[in-house]
Amino acid sequence: MSKAYTQSPDDWARSVTDVLRDAAIYHQAGNGFYRAQCDALGVDPTAINDINDLQALPLLPVGLFKRPDARVLLTCSLADVETETRSSGTRGVPSVAPRNSETLTLALVGLIGTYREFFSLSGGAGLFLNPSDPEASEMGLLKDLNILNSVFDHHTYLVADEAFDAGQALGELRRWKSHMTRHIIGPPFLIGQLLRFLEREEINLRLDPYSMIITLGGWKRHTDEAIPDERFRERCHDLLGVRAENVRDMYGLIESNMLAVECHLHRKHVPPWCYISIRDPGQDGKELAPGQTGTIAVLDALSTSYPGFLLTDDMGDVATGTCGCGRTGQVINFRRRGPDGGLGHCPVSIGRYLGAGTAVAEAPALVKA
């Protein structure tokens, strides 16, 4: 994993282009709906020669994953779907992302490797401010967090029946004192509740020299409580004694196998099997120059269950080069949420495609780079 994050710029561009070209060829050959998009735009995935050609690939707006007829997005058969993950649905109808066994295996290996690369965690205790798997087994971003429990010697979940008790969290952290390094994992709005509790009760709690606070998922319905990232890190230091460089955020979406994790410089690194393309909000087929803010498109090579070329409803910008931490590739900066349901439209709609009575072919074996 470390080698993948420290490739030369030319090697990175070549490798990410190769895996995404192979993924596009695979889905065009085995997915009638995606093939219709390619045909409508006159796109031939085999003609992708360099990284600039990736912007031509058709994108699927994430709003399609909310539709009852979203099965048409599948490249694999329904019988091959092993699991379905869902979004929180805080903005209406939840998205549903089906994954077959190959996609799930690739995603798990990539995710665990990413955690090891950026956090170097092994042992200690993890305080999870989110539901356990039995309470939220299909919640995609919670699954990403819960995978972290495998690296700890001990862990506890403190959200049950949609309720969080900050006093109980304090008790767990005190119980682990002097026994193991303590880490806190969860969405920022729940960690914010813990911080406000400590401040209100005038409790002086200092965690350990190597303690980490890891966040994912944003502020959800608690936008009135949101504070800027730098101020959030300052409060974690002031009230918990955690160094700012050990407070890390992550960005992802349940429809993709992309999870961008912050390094100690608080820059979110795009994994080497993904490419971020920033699109003009008024013309989603147009890629914006680096540094410009627009709609985030994620091209993900790991998905074999459906095409991983997605147009999100998030706004942000991207930079390419070498980070001060030594890693290369892309760094994404999430700015804000845009309108719900994706900001673009497929060249061929699901309704038009189904109305034509087109059959979906079975996918051939994926050609590896």
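**Helix packing in a predicted model**

Q: Which residues of helix 2 (residues 32-41) are buried?
A: This is a predicted model, where local features need pLDDT of at least 70, side-chain atom pairs count only at pLDDT 80 or more, and totals for chains, interfaces and linings use all residues. Residues are numbered from 1 along each chain as its sequence is written, and side-chain values use heavy atoms, without hydrogens or water. Helices are DSSP runs (H or I, at least four residues) numbered from the N terminus, as are strands (E, at least two). With buried meaning under 20% relative accessible area (1.4 Å probe, protein chains only), the buried residues of helix 2 are G32, F33, Y34, A36, Q37 and C38.

Q: Which residue caps the N-terminal end of helix 2?
A: At this end, a side-chain oxygen lies 3.0 Å from the backbone nitrogen of F33. A polar contact is a pair of N or O atoms within 3.5 Å.

Q: How are helix 5 and helix 6 oriented to each other?
A: The axes, lines fitted to C-alpha atoms over the stretch in contact, come within 9 Å and cross at roughly 85 degrees. Because angles of 65 to 115 degrees count as roughly perpendicular, helix 5 and helix 6 are roughly perpendicular.

Q: At what angle do helix 6 (residues 188-200) and helix 7 (residues 229-240) pack?
A: The axes of these two helices lie 10 Å apart, and helix 6 passes helix 7 in a left-handed crossing. The angle between helix 6 and helix 7 is about 40 degrees.

Conventions: Buried means under 20% relative accessible area, exposed over 50%, partly exposed in between (1.4 Å probe, protein chains only). A polar contact is a pair of N or O atoms within 3.5 Å; within protein, one must be able to donate a hydrogen and the other to accept it, and residues adjacent in sequence count only if both atoms are side-chain atoms. Axes are lines fitted to C-alpha atoms, for helices over the stretch in contact, and angles run from 0 to 180 degrees between N-to-C directions. A crossing is left-handed if the near helix is turned anticlockwise from the far one by less than a right angle, and right-handed if clockwise. Angles under 35 degrees count as roughly parallel, over 145 as roughly antiparallel, 65 to 115 as roughly perpendicular and the rest as oblique.
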